[in-house]
Amino acid sequence: MGGSEAAAAIAHRIRDRGPITVAEFMSIALYHPEHGYYASRSKRTGRFGDFHTSVDAGPLFGRLLARQFAEMWQVLAAPGGDMPPEPGFDLVEAAAADGQLARDVLDAAADESPAFLDAIRLHLVEASPAARARHRDTLGSHAACLTSSSARLPDAVHGVIYANELLDALPVHAVIGTPSGLAERYVALAPEGHSEAPVFVEQAGPPSNPAIGRHLASLGVTLETGQRAEVNLSALAWLTRACSSLHRGFLVLIDYGYQAGQLYSPAHGTGTLAAVAQHVTLPSGGRATPWLDDPGSRDITSHVDLTSVRHVAEALGCEALGLLDQTYFLMALAGQDADGAPRLPADMKTRQTFKTLVLPGGLGSTMKVMVFGRQVGRPRLTGLTGASRLT
Ligand SMILES: C[S@@+](CC[C@H](N)C(=O)[O-])C[C@H]1O[C@@H](n2cnc3c(N)ncnc32)[C@H](O)[C@@H]1O
């Protein structure tokens, strides 16, 4: 199911052309069209997958997001200013996986705001062909809302582009500080031993692309000797495309990450590149580079540089409206009853899901919500009205 074939494809590439960048290794391991970790199965998260996202906690995450999106739709639909009201609303989900989050959003819109549901033109953007093939089935009775299901963002979006855990899944360049300056970490083949499967090892060399060093310099980052880090040029390219696609509306990104000052500090001196398999995040002792093992059969991820996300979005004319922990975003969207308790259905399952989504120490503080606007001014957005904290 992808694992050994992806390893063989990587080994073939290295034998052919020499050591490859970690970004290229990740591209094959995760996104090889047939054998990549994401490409070869429609669903990788949840109880039977390798890790849980907020989507897997239950439909509540989509329900709360739907409230925020409905409010954003009202901002765009309202007459006023010099912008004409928008008749339709593009709801664009990137990293849509099998479409479950979109389904949860549309179910909630049907319950809470049918006029919003009627306005939605849904676009699901997903790299995995296996996941894209599931979109219509997952959407069920909402399939008629689906305007496009593609690997590419649509052009000329009037509405919202949102993504949960996209940027952390993009291929990164891995670097290390040396006495003579910045070096890049490449993936090479270990000398052939007894194992039949190829064994991959890290090897340092000069940076493959001057943009890597330029990017760190623009952040004022100089790595200490031996300090490891990652540079996510793919995330910057994705953002550039997303901000250019967004003609008017909002960009909502939810992911784990740190501000650059923290991400590139000696506190994260071994970098944040990790492999996730069967709900265990590696390294947790053992080999320092477990993400080199079994490519194609495990997720590989790194923490997002929140500062650079903001810089790119702002440079392309998007305004940063909020950056906060998921805890505060979702609590504000849930609202409070007279006793200060979240205004949610009273059933145990919903309450439990809410806890999973907001508890600090878990998804609540790990996941950061970034909200940007273009041509919308600074409207009141309920998700940003609570304690706007970033921990
Ligand atoms: C960590 S999963 C998150 C899935 C889902 N958003 C969730 O929260 O459960 C990352 C997803 O991003 C997809 N992906 C990676 N690169 C992409 C890109 N450039 N455009 C759209 N989807 C992409 C992967 O195929 C995978 O389904």
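Begin by selecting Tyr 258, which stands opposite Asp 305 in strand S14, strands being DSSP runs of E with at least two residues and helices DSSP runs of H or I with at least four, numbered from the N terminus. What you have open is a predicted model, in which local features need pLDDT of at least 70 and side-chain atom pairs count only at pLDDT 80 or more, while totals for chains, interfaces and linings use all residues. Residues are numbered from 1 along each chain as its sequence is written, and side-chain values use heavy atoms, leaving out hydrogens and water.

Next, select strand S10 (residues 246-258), where eleven of the 13 residues are buried, a term that means under 20% relative accessible area, with exposed over 50% and partly exposed in between (1.4 Å probe, protein chains only). Two bridges join S10 to S14 (residues 304-305), and these strands run parallel; two strands pair if DSSP finds at least two bridges between them.

Move on to helix H2 (residues 22-31), which is largely enclosed by the rest of the structure because seven of its ten residues are buried, among them Phe 25, Met 26 and Leu 30.

Finally, select Thr 53 in the loop between H2 and helix H3 (60-77). Thr 53 counts as buried because its relative accessibility is 8%. Leaving aside residues up to four places away in sequence, Thr 53 touches Thr 45, Asn 164, Glu 165 and Leu 363, where contact means heavy atoms within 4.5 Å.
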